[in-house]
Amino acid sequence: MRLVMKPLHQRLLCVPDRSFFLFGPRGVGKSTWLMEALPGALRLDLLDARTSLELGRSPTALEGMAGTLPPGSWIVLDEIQRIPALLDEVHRLMQMRRWRFALCGSSARKLKRGGANLLAGRAVTRRMAPFVSAELGSGFDLRSSLEWGNLPAVREDAAGAADLLTAYVHTYLREEIREEGVLRRLDPFLRFLAIAGMMNGQTINLQNIAREAAVPRSTVESYFSVLTDTLLGEFLTAWRPHFKVREQVHPKFYWFDAGVARGAAGLLRQPAEREWLGRALEAHLLHEIRVHNEVSDKHCPIRFYRTSAGVEIDFILETVQRTSAHPAQVVGIEVKLAERWDRGWERPLRDLASQKGVRVQRMIGVYTGPRSYRFDGFDVLPATEFLRRLHAGDIF
Ligand SMILES: Nc1ncnc2c1ncn2[C@@H]1O[C@H](COP(=O)(O)OP(=O)(O)OP(=O)(O)O)[C@@H](O)[C@H]1O
Ligand SMILES: [Mg+2]
């Protein structure tokens with residue numbers, strides 16, 4: 001029983017009508033959401049030693065545990081990655097008994113490593129991430145989102161944020177990573193983690209990082225794949241407006257949470273620098289854009305753009321994908337940590353809009369000043385106003 005009945009923040013994620021996987025990093029609120037969203041479900045937590053022992057020994061015991069539940073009933077299996085073999089039984093019961101399953105875990109990586117069949121497409125996949133502004137309502141604070149991130153535990157205890165994030169990085173991350181058989185030695189990975197933490201929102205050159213972390217390039221590559229598979233971060237690749245093959249542009253890496261990135265970088269005990277905050281602003285907006293993209297079922301590709309002159313546009317959302325018959329249609333977003341908007345910042349997007357072979361549907365500048373503007377088709381929005389419009393479906 002919950003002793004402290006603090007009201008929960010309502011999440012944007014909706015329950016699909018059929019079986020689903022729910023993946024997300026540790027501590028983002030997966031179990032809590034499943035409890036709220038599927039109140040009548042049979043709940044089996046594989047973290048519980050007895051349950052996990054019984055089901056580990058004999059997966060067929062699952063059918064008996066669910067007993068005579070009618071078809072369509074929900075069964076929640078939390079921490080499914082602990083017994084990947086259980087998925088075969090889940091698969092059978094979905095077909096034979098028509099039960100619906102919510103399968104929750106911190107990443108698909110362990111399931112796949114455990115040789116599990118991921119139900120051959122019979123279950124959809126949903127992702128949970130730290131809070132976004134629309135979930136926190138009046139409790140949302142941009143500045144603290146950039147400094148400390150939005151893990152639920154951090155939001156609940158702002159004063160203890162640095163300690164919580166240190167613990168998150170040192171315990172959760174280390175545990176997650178230790179379980180990953182690929183990492184035989186922890187030290188080089190921790191060195192890498194510190195560098196990757198500092199690189200939040202930056203272009204990733206594997207060769208340079210390999211040199212700095214004193215490990216081979218292929219190792220850095222596998223380290224990054226651990227981070228992306230366990231959903232701690234994602235690469236943003238460069239957008240190519242035309243089919244022509246162009247020079248290779250390195251991707252950027254964005255952490256799932258600015259606070260965790262800062263913790264990984266070991267920067268929690270010193271004031272966040274302006275440059276860091278600027279990238280954290282980009283990272284946070286990307287996080288919110290991604291959540292909206294997913295919960296609104298739009299699934300638009302998100303990229304950044306670097307012109308041949310080396311000028312960047314932070315985010316390009318491809319709302320209509322390019323085909324050989326028609327050009328791509330995009331929303332371009334430029335992000336600046338600045339109290340005042342400099343009209344020169346509109347240039348790269350305006351240049352893109354004047355190019356042939358692409359339709360720029362909207363040009364948006366996001367900054368940290370107080371006022372909204374519209375300059376000749378270009379919207380300049382304070383970050384919080386942008387977020388409000390984003391979740392209202394007014395951006396894309
Ligand atoms: N919607 C919410 N509103 C307020 N607090 C929340 C909410 N969701 C989660 N929390 C708090 O965040 C903490 C972590 O939540 P939870 O255990 O559900 O995360 P999880 O994703 O299941 O983590 P793990 O991967 O470690 O199992 C809990 O202390 C919980 O009370
Ligand atoms: Mg949980």
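Biologist: Which residue stands opposite L42 in β3?
Modeller: I75 stands opposite L42. A word on the source: this is a predicted model, where local features need pLDDT of at least 70, side-chain atom pairs count only at pLDDT 80 or more, and totals for chains, interfaces and linings use all residues. Residues are numbered from 1 along each chain as its sequence is written, while chains are lettered from A and ligands numbered from 1 in the order in which they are written.

Biologist: Which residues of helix α1 are buried?
Modeller: In α1 (residues 30-37) they are K30, W33 and L34. They line one face of the helix, because they fall within an arc of 100° seen down its axis. The arc is that of the directions from the helix axis to the C-beta atoms.

Biologist: What do the buried residues of α1 pack against?
Modeller: They pack against β1 (20-23), β3 and β4 (100-105). Contact here has a cut-off: two C-beta atoms, placed from the backbone, within 7 Å.

Biologist: Which residues come nearest to ligand 1?
Modeller: Of the 14 residues around ligand 1, G29, K30, S31, T32 and P152 come nearest. To count as near, a residue needs its C-beta atom, placed from the backbone, within 6 Å of the molecule or strand. Three residues of the shell come from α1, the largest share.

Biologist: Why is E147 called buried?
Modeller: Set the count against the definition. A residue is buried with 20 or more other C-beta atoms within 10 Å of its own, exposed with 12 or fewer, and partly exposed in between; C-beta atoms are placed from the backbone. E147 has 20 such atoms, so E147 is buried. This residue is found in helix α7 (residues 142-148). The C-alpha atoms of E147 and W276 are separated by 9.1 Å, though the two residues lie 129 apart along the chain.

Biologist: Is A214 buried or exposed?
Modeller: Exposed, because A214 has 11 C-beta neighbours inside 10 Å. A214 sits in the loop between α11 (206-213) and α12 (217-229).

Biologist: What makes the phi of A214 worth a look?
Modeller: Most residues other than glycine have a negative phi. Phi of A214 is positive, near 55°. H299 also has a positive phi, near 50°. That residue is in the loop between α14 (274-295) and β9 (302-306). H299 counts as exposed, because it has 8 C-beta neighbours inside 10 Å.

Biologist: How do you know that β9 and β10 pair?
Modeller: Four bridges link β9 and β10 (residues 312-320), in the antiparallel sense. β10 and β11 (residues 328-335) pair in the antiparallel sense over five bridges.

Biologist: What puts the buried residues of α16 on the same side?
Modeller: A383, F386, L387 and L390 are the buried residues of α16 (residues 383-391). They cover an arc of only 100° around the axis, so they share a side of α16. Their packing partners include α6 (133-136), α7 and α14. Just after α16, G393 takes a positive phi of about 80°.

Methods:
Two strands pair if DSSP finds at least two bridges between them. Helices (H or I, at least four residues) and strands (E, at least two) are DSSP runs, numbered from the N terminus.
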